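Subject: Structure for you, with notes

Hello,

Here is the structure I promised to pass on. Please open it first, then read the notes below.

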Amino acid sequence: MSRFLCCSLLVLACELQAEGLTEKQPSDNVASPVASDATSKTESPGSGTASTAIFDTKINSSAEDYAGGYVGLGVNVGVHETNAKVNKEFEAPTRFRATTFSGTVAFGFQQPVSGNFMIGFEVGADMGGTGKRARIGGNIRNNSAMMLAYRDDYSTKEGILRQMFDNIATSPDALGDDYPVVTLAGSHIINAGVYGRFVQAMRYFGGTSNFSIGNRNNFMTAPAGGGVFDGTYNANANAVFVDFIGERTAGNIRGLSGSNLQAGYAVMHEFIRSNFPTIADALGHMAERPMMAENPIAGPSVDPNGNVNNDGTVDVNGNVHWAVARELSRFFGGDYVIYEYENIGVNPAGRNIADLRREMEDLYNPDNSHIRPRLSAVEMRALSDFRSKTSFGICPYAAIKFGYFVNEINGLFYAKIGVTQLQGHVDVINDFIEKKDKFHTIAPLVVVGISKMLTQNCGVSIEVSHAPKTNKKLRDIEWKGYKVENNVGISKTDLRILVTYTF
């Protein structure tokens, strides 16, 4: 203990002596050996200045300690905002925020330029991050572009379906119910093969048969064959589907999908099943058993491959009885007061004929149908439940760095100005669709932060960065016949905590 006290007193005495001698000024004419001696002492290993250096630590740092190259590694907590213009169609907020977590890395160099001021540059990257999935749907606005586009699309397809059915029922080249067929018994007939293929085409629209069976022998895509009957109501064995629906209707169907008739049929297939489910059910099961006509005269039925069975009236020439044409004409013409399920060969068990009559009335009375969306409850819920998620990939940046060392806290305040590349992808999803689109966009970057040295080389930095909103046009979302614009504005704000090493 005594040795410790002695050493302490000795050090204190040396410091006081050095301070006193330094304060003395030599004369202008005579050199002072004391002053020379004092100067020598202050520079000696035992002087006060040297002792201060011995007890100094890196916690009491200076601007010089931050000079040079450095590397940083840490974590990044980000808050990004996505503004999706898809929401203008919904009664819902147009923007949402989400939090992301990721890593971050930085490489830089800085140098004092004047006093405590520093300047440098830095490059680095945020290593990704995925936010929560945010709901961007809501109740669809009645006057929204989406709803108007859907109604226009619906009206077009409904008109084609009505035109198709009406031509089958009334055209003299098809089933020709305008003619008194009852008085033409035995002559107003359909070729059995044509009848079977026609039934299969109807089943395709109803969803219980595939296109290849419905289109057997190019029945649905071949050119018109001259009508279902010839001029004397005799069966035309070469008749095709266009003879039933008419050339104009076929042209309108082609227009639904780039002049491709088969693709247009697929559109109508989906439309009928989605908007007229009871009619689709009737078409899908048509002639599964013999049709019951007056007197009564039966069928025949059609097997799953489109072949006519021997369970109904077929004449020696392979033609179907005229009453079949009459019943089909009544059905497709919307004569819902007369027909029953049995009249088109559908098993009535478990089916309500009133539902079928109501849908046929809606089809032939557009005021009852096209003025309102005909989406199912599930589809309407899906429309109001679009969800979006923005995920970031590696987002590099480059910036110029300006700093100022604050003596009172022994730390460096700094700011960075530069650019960053925001990149990643945006997912938009509901119960029916999932779309993913990438984005790559350059955005300005502003950063403020503080650094503190903990040891001679190691330190810690805390900073906040912000990349202002940048707009990106992504691919439109197409569903149910309309497009949803997918313009997004993305901004990104991050809190970074880095461990740094200066070398």
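This is a predicted model: local features need pLDDT of at least 70, side-chain atom pairs count only at pLDDT 80 or more; totals for chains, interfaces and linings use all residues.

Is Ala-287 buried or exposed? Ala-287 is buried, with a relative accessible area of 0%.

**Overview**

The protein chain has 13 helices and 15 strands. It runs to 503 residues, and 47% of them are buried. Take the contacts between residues at least 6 apart in sequence: 68% of these join residues at least 24 apart.

**H5 and H11**

Start with helix H11, residues 322–332. Of its 11 residues, 11 are buried, so H11 is largely enclosed by the rest of the structure.

H11 packs against helix H5, residues 192–206. The angle is about 20° and the axes are 13 Å apart. Angles under 35 degrees count as roughly parallel, and H5 and H11 are therefore roughly parallel to each other. Their crossing is left-handed. Which residues of H5 and H11 meet? From H5 come Tyr-195, Phe-198 and Met-202. From H11 come Val-324, Leu-328 and Phe-332. Just after H11, Gly-334 takes a positive phi of about 80°.

Met-268 counts as buried, at 0% relative accessibility. Which residues does Met-268 contact, leaving aside neighbours within four places in sequence? They are Lys-157, Ile-160, Leu-161, Phe-205, Ile-253 and Leu-256. Look at the Phe-205 pair in particular. Met-268 and Phe-205 are 63 residues apart in sequence. In space they are 7.2 Å apart, C-alpha to C-alpha.

H9 also packs against helix H10, residues 277–284. Here the angle is about 120° and the axes are 5 Å apart. H9 and H10 are therefore oblique to each other. On the H9 side, the contact is made by Ile-272, Arg-273 and Asn-275. On the H10 side, it is made by Pro-277, Ala-280 and Leu-283.

**H8**

Ile-253, one of the contacts of Met-268, is a buried residue of helix H8.

**Gln-423 and the cysteines**

Gln-423 is found in strand E10, residues 411–429. Its relative accessible area is 17%, and it is buried. Set aside residues up to four places away in sequence, and Gln-423 touches Ser-391, Phe-392, Gly-393, Ile-394, Cys-395, Pro-396, Phe-439 and His-440.

Cys-395 is on that list. Cys-395 is itself buried, with a relative accessible area of 2%. Cys-458 counts as partly exposed, at 32% relative accessibility. How many disulfides does the structure hold? The count is zero.

**Two backbone points to check by eye**

Most residues other than glycine have a negative phi. Two residues here are worth a look on that score.

Back to Ala-287. Its phi is near 55°, a positive value in a residue other than glycine. Ala-287 is found in the loop between H10 and strand E8, residues 319–320.

The other is Asn-217. Its phi is positive as well, about 60°, although it is not a glycine. Where does Asn-217 lie? Asn-217 is in the loop between helix H6 (211–214) and helix H7 (241–245). Asn-217 is exposed, with a relative accessible area of 61%, whereas Ala-287 is buried.

Best wishes

Definitions and conventions
Residues are numbered from 1 along each chain as its sequence is written. Side-chain values use heavy atoms; hydrogens and water are left out. Buried means under 20% relative accessible area, exposed over 50%, partly exposed in between (1.4 Å probe, protein chains only). Helices (H or I, at least four residues) and strands (E, at least two) are DSSP runs, numbered from the N terminus. A disulfide is a pair of cysteine sulfur atoms within 2.5 Å. Axes are lines fitted to C-alpha atoms, for helices over the stretch in contact, and angles run from 0 to 180 degrees between N-to-C directions. Angles under 35 degrees count as roughly parallel, over 145 as roughly antiparallel, 65 to 115 as roughly perpendicular and the rest as oblique. A crossing is left-handed if the near helix is turned anticlockwise from the far one by less than a right angle, and right-handed if clockwise. Contact means heavy atoms within 4.5 Å.
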